[in-house]
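Thanks for coming. I will keep this short and go through one model. Please have a look at it first.

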Amino acid sequence: MKLSLLFLAVGFVLVLLQTTLLHLLPLGPFVPDLALVLCVYLGLNHPTVGAVVGSFMLGYSVDVFSSPVLGLNCLAMSLVFLTAYLSSRCIWINSPLLSAPVVFLASWVKGASLMAVWTLFLAMDGLGAGGLKYAFLDALLAAILAPAIFTLLRRGQSYVESKKASMEAA
């Protein structure tokens with residue numbers, strides 16, 4: 001339960017940073033997708049029903065705070081969670097540094113799903129080369145930040161688990 005509260009608090013902070021303060025960085029329209037990194041972490045390390053709901057809620061909160069169309073990021077984050085979960089069944093990632101390629105690929109899954117939905121259902125033109133450039137830079141930014149966020153999440157998880165173990169021993 002405490003671990004779920006930790007992930008909920010971290011998700012709230014990451015979405016808050018992603019939708020407000022990170023827009024002040026001099027990166028132009030590109031903002032690191034911190035919620036995606038948390039979604040990949042949950043998919044790799046905590047494949048539970050609560051993590052599925054958490055990933056969906058991460059996408060929904062990103063939609064509420066920064067997207068003109070509700071539901072796009074919900075779908076994308078759910079697909080990212082599924083991809084990370086399926087990849088965790090085939091590969092074992094123990095180092096935070098190795099999380100960067102998984103986050104890079106997961107960001108491409110998110111970008112491809114967003115482009116597909118925009119193209120199929122919303123009939124938007126102009127998503128060709130500009131969309132690919134945006135998806136590449138978004139994936140690169142998320143992959144660069146992934147090892148640091150994974151390290152912080154593992155330290156927080158270890159702290160919560162050690163506190164739980166000490167309370168059970170007492």
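**Helices, core and cysteines**

Helix 5, residues 99–121, has 23 residues and reaches 32 Å from its first C-alpha to its last, close to the 33 Å expected at 1.5 Å a residue. That expected span is 1.5 Å times one less than the number of residues. Helices here are DSSP runs of H or I with at least four residues, numbered from the N terminus.

A word on the source. This is a predicted model, in which local features need pLDDT of at least 70 and side-chain atom pairs count only at pLDDT 80 or more, while totals for chains, interfaces and linings use all residues. Residues are numbered from 1 along each chain as its sequence is written, and side-chain values use heavy atoms, with hydrogens and water left out.

Back to helix 5. Its buried residues include Val102, Val103, Ala106, Lys110 and Leu114. Buried means under 20% relative accessible area, exposed means over 50%, and partly exposed is in between, with a 1.4 Å probe and protein chains only. In general, an α-helix has 3.6 residues a turn, so residues three or four places apart point the same way.

Now the core. A nonpolar core is a set of buried Ala, Val, Leu, Ile, Met, Phe, Trp, Tyr and Cys residues joined through side-chain atoms within 4.5 Å. The largest one has 33 residues, and those touching the most other members are Phe7, Val37, Leu38, Val40, Leu44, Val103 and Phe150. Two or more residues come from each of helix 1, helix 2, helix 3 (49–66), helix 4, helix 5 and helix 6 (129–169). Helix 2 gives the most, with ten residues.

Take Phe7. Leaving aside neighbours within four places in sequence, Phe7 is in contact (heavy atoms within 4.5 Å) with Leu38, Tyr41, Leu42, His46, Leu153 and Gln157.

Ser87 sits in helix 4, residues 72–90. A polar atom of its side chain lies 2.8 Å from the backbone oxygen of Ala84. Outside the four places on either side in sequence, Ser87 is in contact with Leu44 and Val102.

Cys74 is buried at 4% relative accessible area, whereas Cys90 is exposed at 69%.

Technical notes
A polar contact is a pair of N or O atoms within 3.5 Å; within protein, one must be able to donate a hydrogen and the other to accept it, and residues adjacent in sequence count only if both atoms are side-chain atoms.
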